[in-house]
Amino acid sequence: MYLQEVKKIVIEVLALGAAGEALDAHSALLGSLPELDSMAVVQLIGALEDHFGFSVDDDEISAANFATLGSLADFVKFKLTA
């Protein structure tokens, strides 16, 4: 449900362009995309917060949430339904 919106934000923030269109729920993010460094994580969190209207606490930022596009979309779903 949130996967396509999260994918669009990831592509925009990381400037992946057409290559980002190949991402799916199982696509590895953290550790697999060189564009996703620590600064990009901060930018991505900010973009998700702005787009979806929630805030992310420091203790919610974990490698598990950024492991795949699907896990990131699941995290957004959790934040919106919590």
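Modeller: Let's start with S62, which is partly exposed, with a relative accessible area of 29%. That label applies because buried means under 20% and exposed means over 50%, with partly exposed in between. Please keep in mind that this is a predicted model. S62 sits in the loop between α2 and α3.

S71 is found in helix α3. Is S71 buried or exposed? With a relative accessible area of 18%, S71 is buried. Not counting residues up to four places away in sequence, S71 touches A64, N65 and F66.

V41 belongs to helix α2, and at 12% relative accessibility V41 counts as buried. Leaving aside neighbours within four places in sequence, the contacts of V41 are L30, L36, I61 and F66. V41 and F66 are 25 residues apart along the chain, while 8.6 Å separates their C-alpha atoms.

Next, let's see how the helices meet. Two packed helices are described by the angle between their axes and the distance between the axes. Helix α1 covers residues 3-14 and helix α3 covers residues 69-81; they pack at an angle of about 115 degrees, with axes 9 Å apart. That makes α1 roughly perpendicular to α3. The crossing of α1 past α3 is right-handed. Which residues make this contact? From α1 come L3, V6, K7 and V10, and they meet L69, G70, L72, A73 and V76 in α3. Sorted by class, this contact of α1 with α3 has seven nonpolar residues, one polar and one charged.

Helix α1 also packs against α2, at an angle of about 135 degrees and with the axes 10 Å apart. These two helices are therefore oblique to each other. Here, too, α1 passes α2 in a right-handed crossing. On the α1 side you will find E5, V6, I9, V10, V13 and L14, which meet A40, Q43, L44, A47, L48, H51 and F52 in α2. The residues of this contact of α1 with α2 divide into ten nonpolar, two polar and one charged.

Finally, let's bring these pieces together. The largest nonpolar core has 25 residues, and those with the most contacts inside it are V6, V10, L36, L44, L48, F52 and L72. Which of them gives the most? That is α2, with six residues.

Leaving aside neighbours within four places in sequence, L48 is in contact with V6, I9, G53, F54, L72 and V76. Among these partners, V6 and I9 are also on the α1 side of the contact with α2, while L72 and V76 are on the α3 side of the contact with α1.

Notes:
Residues numbered from 1 in each chain as written. Predicted model: local features only at pLDDT ≥ 70, side-chain atom pairs only at ≥ 80, totals over all residues. Heavy atoms only, no water. Axes fitted to C-alpha atoms, helices over the stretch in contact; angles between N-to-C directions. Helix = DSSP H or I, 4+ residues; strand = E, 2+ residues; numbered from the N terminus. Parallel < 35°, antiparallel > 145°, perpendicular 65-115°, else oblique. Left-handed = near helix turned anticlockwise from the far one by under 90°. Contact = heavy atoms within 4.5 Å. Nonpolar A, V, L, I, M, F, W, Y, C, P; charged D, E, K, R; others polar. Core = buried A, V, L, I, M, F, W, Y, C linked by side-chain atoms within 4.5 Å. Buried < 20%, exposed > 50% of the residue type's maximum accessible area, 1.4 Å probe, protein only.
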